[in-house]
Amino acid sequence: MKPTKGQVNVLGLDPLRDKWKLRNKIGYMPQSPALYDDLSAKNNIMFFGEAQNVSDLEKKTDAMLAFTELTSRANDLVRSFSGGMKKRVSLCCALIHQPRIVFLDEPTAAIDPHLKLQSWKLFRELAKTGVTLFLSTHLMDEALLCDEVAILSNGQIIALDTPQKLLARGKTILNYSENGESKQCTMDSTPESLARVLHQLGLNQNITAISLNPSTIESIVLDMLREKEESTNKQ
Amino acid sequence: MKTFTIAKRILKQLQGDKKYLTLSIIAPLIIIYFLKLFFDSFPPTVPISTFTIPIGALIVHFLSFLLCAILVVQERTRGTLERMLIGGYRRPSIIGGYTIGYLGLATIQATAVLFESLWLFNLDYTGQILFLLFMVIWLLAIVSVMLGIFVSTFAQNEGHVFPFIPLIILPSIFLTGLIIDSDTLPDWAAFIGKCLPLHYAVNIIRELIKPEYTFQNTLIDFAVLLGYIFLLWILASFTLKDTTS
């Protein structure tokens with residue numbers, strides 16, 4: 001993609017002028033494993049490490065394999081690996097040169113819950129070391145695990161916020177029974193709104209049950225996309 | 001340096017894929033044997049020796065071109081080519097690495113084809129001529145590998161490589177002087193033949209097997225083959241695409 005105007009600065013570098021320097025600081029994990037099936041896990045990682053002239057490559061490869069709990073399968077051909085294991089090898093390839101920014105394209109798609117949990121533990125550990133992770137996902141519950149979420153529609157960012165603030169954009173439905181009659185009231189999804197509504201209701205003895213139906217992140221995003229579509233149609 | 005890393009990886013992959021490796025070496029040997037059966041049915045007046053080595057060169061040319069084109073397309077569809085480019089490998093290094101890596105296989109193919117032809121057809125040449133014959137087939141194999149990489153740019157999947165066979169390989173059989181002298185063809189057909197690398201390889205081989213061979217007679221043809229390598233390397237470096245879109 002060629003820029004038409006403006007300037008971009010990534011880690012103090014110009015992506016056009018310092019393309020190769022910048023590639024050294026960026027890691028990329030594609031959606032498909034993009035590995036050589038007829039090479040071992042270790043050889044795959046070392047091959048991508050050599051592209052970045054990584055020093056002590058073998059030592060760092062072993063450390064990466066240990067980090068992703070693949071040491072015992074290091075010398076096995078990738079062809080014999082499960083989908084989840086291939087994803088972990090792919091992650092090692094993206095991280096072997098210790099990048100400052102990592103792009104992960106649907107890293108937990110089609111993997112089992114245990115591995116998903118393990119992957120998120122890894123991502124969190126990486127983030128703690130100062131690495132910035134960009135993670136693309138269609139799984140909204142997973143997006144909530146990030147520090148910041150950007151919602152994209154037709155290549156444009158339509159919302160950029162913390163998961164808490166995004167959730168707060170939704171509405172919560174409060175269902176309650178009063179004198180045997182089912183009632184409902186809609187409020188903002190904040191603890192303060194809940195307190196306000198309860199104050200209004202007085203929480204008297206007649207209120208025998210309260211349940212909350214907060215908006216899910218999926219419904220919030222769908223509302224945003226709908227609003228965006230409507231505003232585009234109006235224009 | 002990174003060129004050799006890629007070449008090393010390709011050699012490791014070839015080493016790991018025994019079935020592919022065996023087939024790539026055995027297939028040309030079987031074809032040469034069929035060629036022997038075919039030529040045995042000819043009357044003894046037909047100068048078979050002028051066809052044998054050029055056809056051997058065609059087999060190496062065809063196989064190197066086809067296998068390399070398919071493998072580069074596979075790299076692209078699997079996403080490893082994109083990953084290599086994002087990861088810091090540059091296009092000229094990738095092409096160089098591929099060429100060196102597959103050259104190992106092409107060297108084995110060229111040697112096997114040459115020696116089987118000599119044995120089956122009872123051909124006898126001096127050591128120097130044998131070395132030069134090997135060099136021609138070897139140079140043609142490099143051209144074929146680069147041509148394969150270049151052609152892979154126009155293919156979105158492995159199946160898209162096959163239409164290039166009638167476009168590149170079949171005209172090579174009919175228009176390059178392999179079967180009939182290209183000077184007897186209409187000018188336009190002879191011109192197409194002269195654009196194909198096999199034409200120059202066939203010219204050199206035919207000169208080499210003449211008793212009065214002198215290196216000067218083949219100098220231009222050798223230079224053209226080297227020029228092809230340089231030109232295709234540049235072209236492929238500019239056109240090699242990382243994604244299928």
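Begin by selecting β1, β2 and β3 of chain A: these three strands form an open sheet in that order, with parallel pairing. Strands here, like helices, are DSSP runs numbered from the N terminus (E, at least two residues, for strands; H or I, at least four, for helices), and two strands pair if DSSP finds at least two bridges between them. The model is a predicted one, in which local features need pLDDT of at least 70, side-chain atom pairs count only at pLDDT 80 or more, and totals for chains, interfaces and linings use all residues. Residues are numbered from 1 along each chain as its sequence is written, while chains are lettered from A and ligands numbered from 1 in the order in which they are written.

**The sheet of chain A**

Colour β1 (26-29) and β3 (132-136) of chain A: they stand at the edges, and each has a single partner strand, so one side of each lacks a neighbour in the sheet. From one strand to the next, the twist averages 15°. Next, select β2 (residues 101-105) of chain A, which is joined to β3(A) by five bridges and runs parallel to that strand. Within this pair, A:Asp105 stands opposite A:Ser136 in β3(A).

Move to β4 (residues 149-153) and β5 (residues 156-161) of chain A, which run antiparallel and are joined by five bridges. The two strands form a hairpin with two residues between them, and A:Asn154 in the turn has a positive phi of about 50°. A:Ser153 has A:Gln156 of β5(A) as its bridge partner.

Select A:Glu148 next, in the loop between α6 (140-143) and β4 of chain A. Is A:Glu148 buried or exposed? A:Glu148 is exposed, because 11 other C-beta atoms lie within 10 Å; the limits are 12 or fewer for exposed, 20 or more for buried and partly exposed in between, with C-beta atoms placed from the backbone. Apart from neighbours within four places in sequence, A:Glu148 is in contact with A:Leu160, A:Asp161 and A:Thr162. A distance drawn from A:Glu148 to A:Lys165, C-alpha to C-alpha, reads 9.6 Å, for residues 17 apart in sequence.

**The domains of chain A**

Colour chain A by its domain assignment, which gives domain 1 (19-136) and domain 2 (166-234); the bounds come from an automatic or database domain assignment. The centres of domain 1 and domain 2 of chain A, taken over C-alpha atoms, are separated by 42 Å.

**Where chain A meets chain B**

Show both chains: 17 residues of chain A are in contact with 17 residues of chain B. On the chain A side, α1 (19-23) and α2 (41-51) are the elements that give two or more residues. The most comes from α2(A), with five residues.

**Chain B**

Finally, select chain B, whose secondary structure comes to ten helices and zero strands. Its C-alpha atoms fill a box of roughly 60 × 40 × 35 Å along the principal axes. Of the 245 residues in chain B, 40% are buried. Among contacts in chain B between residues at least 6 apart in sequence, 82% join residues at least 24 apart.

Technical notes. Contact = placed C-beta atoms within 7 Å. Axes fitted to C-alpha atoms, helices over the stretch in contact; angles between N-to-C directions.
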